[in-house]
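Colleague: I want to learn how to read aromatic contacts in a model. Please take me through them.

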Amino acid sequence: MPSFRLHCISRGRHLLTGLILCTPLVFVGSSVAVATDIEGTANTLFKSFTKTNAVETELDVDSELAIEVQNFYIALLRPTWGMDVGYAALATQSAHEGQSPPTGILLENMFTGTRATISRSLGIDMQAAAELYFRVKSADLNFAVNREEVLRSLHSVIPGVRLSDTLVSEHVPHDRSVLSAANLEVRMCVLGGPLDLDSDLDWIERLSSFDIAMFDQDKQQIATKGASMSVHPLDAVLATRDALVARGIQVVEGDILAIGTLTDHIGVGELSRLRVEFEGLSDEQPVFVYMAFR
């Protein structure tokens with residue numbers, strides 16, 4: 001599988017989460033069945049991810065257990081997919097304003113770089129969507145209260161593409177809880193070149209006014225920045241931070257934050273190449289992310 005090393009080291013800073021992942025899930029006052037449901041559901045998702053077969057049966061996951069299922073599922077993935085290097089969220093859509101966005105864990109082998117060739121057989125009906133990634137410069141982000149403070153605690157912004165999988169069949173009823181349990185169905189993140197945020201540029205304005213266009217192998221435009229993606233990226237970083245804090249997680253220097261997709265999701269089944277241009281993030285030519293599929 002392709003990998004994009006992020007030069008991060010594993011960090012035991014998941015607070016209680018780290019203990020839960022390494023020990024049997026036993027809850028005072030709960031039946032053994034609850035623990036079995038968490039483990040069984042996580043194993044179902046793990047088998048789907050590794051064997052690339054979509055889950056065709058309805059998963060019994062409620063909002064209270066979704067994160068615990070996700071934690072167990074990620075623990076199963078770590079031996080092959082590496083340690084945690086960051087977090088994913090769905091914080092960019094205006095529909096999520098006023099409520100905590102779902103979050104997921106990003107593992108080191110879930111990353112590759114621009115110009116990568118990706119096998120379609122890696123996933124299950126993968127969907128591509130443009131995204132911005134932010135690298136954390138300082139743990140001060142945990143205490144930021146406005147865009148200016150967020151910006152000072154970030155090192156760089158990275159244009160990229162999130163490849164989401166179809167772990168749970170579209171024919172199976174599922175909601176936000178199942179999406180959270182399935183780690184937001186993240187399969188791979190394709191990163192472009194980082195843009196340094198430690199400059200004199202007005203990044204607050206620049207991040208609110210850039211455009212995106214996605215092109216297929218025939219240079220036909222197939223997607224643009226979505227009208228519903230009206231949340232300012234730095235506000236999305238704040239929302240992601242808040243959602244992580246609610247999980248008992250604090251970000252640290254070097255973490256990558258994938259704040260949410262910015263375009264419609266495009267199926268890669270008919271694509272042999274995909275080029276995504278981010279215009280307005282740089283004074284030079286449009287920043288782009290390119291990948292091939294086979």
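Modeller: Start with the cluster: ring pairs link Phe-49, Tyr-73 and Trp-81. This is a predicted model, where local features need pLDDT of at least 70, side-chain atom pairs count only at pLDDT 80 or more, and totals for chains, interfaces and linings use all residues. Residues are numbered from 1 along each chain as its sequence is written, and side-chain values use heavy atoms, with hydrogens and water left out.

Colleague: What makes two rings a pair?

Modeller: Rings of Phe, Tyr and Trp (its six-membered ring) pair if their centres lie within 6.5 Å. Planes under 30 degrees apart are stacked, over 60 edge-to-face, the rest tilted. That rule gives two aromatic pairs here. Phe-49 and Tyr-73 have ring centres 6.3 Å apart and planes at 75 degrees, so they are edge-to-face.

Colleague: Which helices hold Phe-49 and Tyr-73?

Modeller: Helices are DSSP runs (H or I, at least four residues), numbered from the N terminus. Phe-49 lies in helix 2 (residues 32–51) and Tyr-73 in helix 3 (residues 66–81), so the pair ties together parts 24 residues apart in sequence.

Colleague: And the other pair?

Modeller: Phe-49 and Trp-81 are also edge-to-face, 5.0 Å centre to centre with 75 degrees between the planes. Trp-81 lies in helix 3, so this pair with Phe-49 of helix 2 ties together parts 32 residues apart in sequence.

Colleague: Are Phe-49 and Trp-81 buried or exposed?

Modeller: Buried means under 20% relative accessible area, exposed over 50%, partly exposed in between (1.4 Å probe, protein chains only). Both Phe-49 and Trp-81 are buried. Tyr-73 is buried too, at 1%.

Terms used. Helix = DSSP H or I, 4+ residues; strand = E, 2+ residues; numbered from the N terminus.
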